[in-house]
Amino acid sequence: MSAAPTRRMVAVTVLVPVVVALALWAFAWPAARIAPRDVPVGVAGPAAAAEQVERRFEERAGAFEVHRYEDEAAARAAVEDRVVYGAVVVQPEGPTLLTAPAASPVVAQLLKEAVAGSAPDGTRVRVKDVVRLPSGDPRGSALAASVLPLALAGVAAGALVTVLHLRGMRGAAALAGASLLVGVTATAIAHSWLGVLDGNWWAEAGALGLTVLAIGASVAGLAALVGTAGIGLGALLMILIGNPFSGAASAPELLPEPAGAIGQWLPPGAGTWLLRSVAYFDGHATGSALLTLSLWAGLGLTAILLGGRLRRAPAATTA
């Protein structure tokens, strides 16, 4: 048996279990460690009563980050603006819990259980869903399931630009055009047909398109800099890490550290946050996600425009 086939056989034998182990770690570890970690919540009402509720939250060390508000109107505004996931309003007739299932159905349910469990015996906790999910996706499962297709679309776009040798302006234009069409098509399906989204139609299309562009440009940019191996690196980063770390099925604050933070620095997580904001919260709390996606897209497109020249320069110098 020659050396080359033997090396390839050993490589396959070793690499497949490594990839499987990495995939299980990336997908199973966050799912197995779901728990609240500094989840922003609000408390409003008379000072003495509000302090008691705040202490109950703080008894679960590290689980909640408490924000104080003067009254129900201020707490409701904070929920609608995505400052907090929910708020407890202390009133003479009993506590009222304001929730936002559109931000995370899992967190909304967690807050209901936490507030009901800490309330005195016989106390009835009223629940008001301030920002609900649309009737087309009452559990939020469709939006959560959209992360992987978006990541795949972006990786496919970046890979096609690379294998079809679309360099420079041609490659950048192809990615921009494909991302625009993906955004429009996905919004037509999710908003107009399925009723999964119910915000501004064009804002949703922009969020979806920018997410695909950020992923696709990153993959193609890596390939422009390091060769076709960049496609594999980009796919691993966006699908194997970005998808499970996005928090789309739960919330970034429920993932083990530092998975939640890393996920929001990657396009799948930032894109999910941006889409929720424009679809359900009138565009509130979009700044960080927009910046993240724009940086990935900008750096990737710059690499596409300059990558070929940078790779040719050392070859020309060597010659």
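Rings of Phe, Tyr and Trp (its six-membered ring) count as a pair if their centres lie within 6.5 Å, with planes under 30 degrees apart called stacked, over 60 edge-to-face and the rest tilted. By this criterion, a search of the whole structure finds five aromatic pairs. One of them joins W25 and W29, which are stacked at 5.7 Å centre to centre with 10 degrees between the planes. The structure is a predicted model, in which local features need pLDDT of at least 70 and side-chain atom pairs count only at pLDDT 80 or more, while totals for chains, interfaces and linings use all residues. Residues are numbered from 1 along each chain as its sequence is written, and side-chain values use heavy atoms, with hydrogens and water left out.

W25 and W29 are four residues apart in helix α1 (residues 3-32), and therefore about one helical turn separates them. Helices (H or I, at least four residues) and strands (E, at least two) are DSSP runs, numbered from the N terminus. W25 is partly exposed at a relative accessible area of 40%, and W29 is also classed as partly exposed, at 25%. In these terms, buried means under 20% relative accessible area, exposed over 50%, and partly exposed in between (1.4 Å probe, protein chains only). Together with F245, W25 and W29 form one aromatic cluster.

The strands come next. Two strands pair if DSSP finds at least two bridges between them. Strand β3 (residues 86-89) pairs with strand β1 (residues 39-44) in the parallel sense over four bridges, and V89 of β3 is the bridge partner of A44. With strand β4 (residues 96-99), β3 pairs in the antiparallel sense, also over four bridges; here A87 has L98 as its bridge partner. The hairpin of β3 and β4 has six residues between the strands, and within this hairpin G94 takes a positive phi near 130 degrees. In a regular strand the side chains alternate between the two faces of the sheet.

Two packed helices are described by the angle between their axes and the distance between the axes. The axes are lines fitted to C-alpha atoms, for helices over the stretch in contact, and angles run from 0 to 180 degrees between N-to-C directions. The axes of α8 (residues 201-226) and α11 (residues 267-280) come within 9 Å and cross at roughly 175 degrees. These two helices, α8 and α11, are therefore roughly antiparallel, a term for angles over 145 degrees. Their contact (heavy atoms within 4.5 Å) involves residues including L208 and I215 in α8 and L274 and V278 in α11.

Helices α6 (residues 147-163) and α9 (residues 229-242) have axes that come within 10 Å and cross at roughly 170 degrees, and they are therefore roughly antiparallel. Among the residues that meet are L152 and V155 in α6 and A235 and M238 in α9.

Some backbone features lie in loops. Most residues other than glycine have a negative phi, and most peptide bonds are trans. R82, in the loop between α3 (72-80) and β3, has a positive phi of about 65 degrees although it is not a glycine, and R82 is buried at 10% relative accessible area. D282, in the loop between α11 and α12, has a positive phi of about 55 degrees, but D282 is exposed at 74%. The peptide bond from E257 to P258 is cis, with omega near 0 degrees.

Key. Angles under 35 degrees count as roughly parallel, over 145 as roughly antiparallel, 65 to 115 as roughly perpendicular and the rest as oblique.
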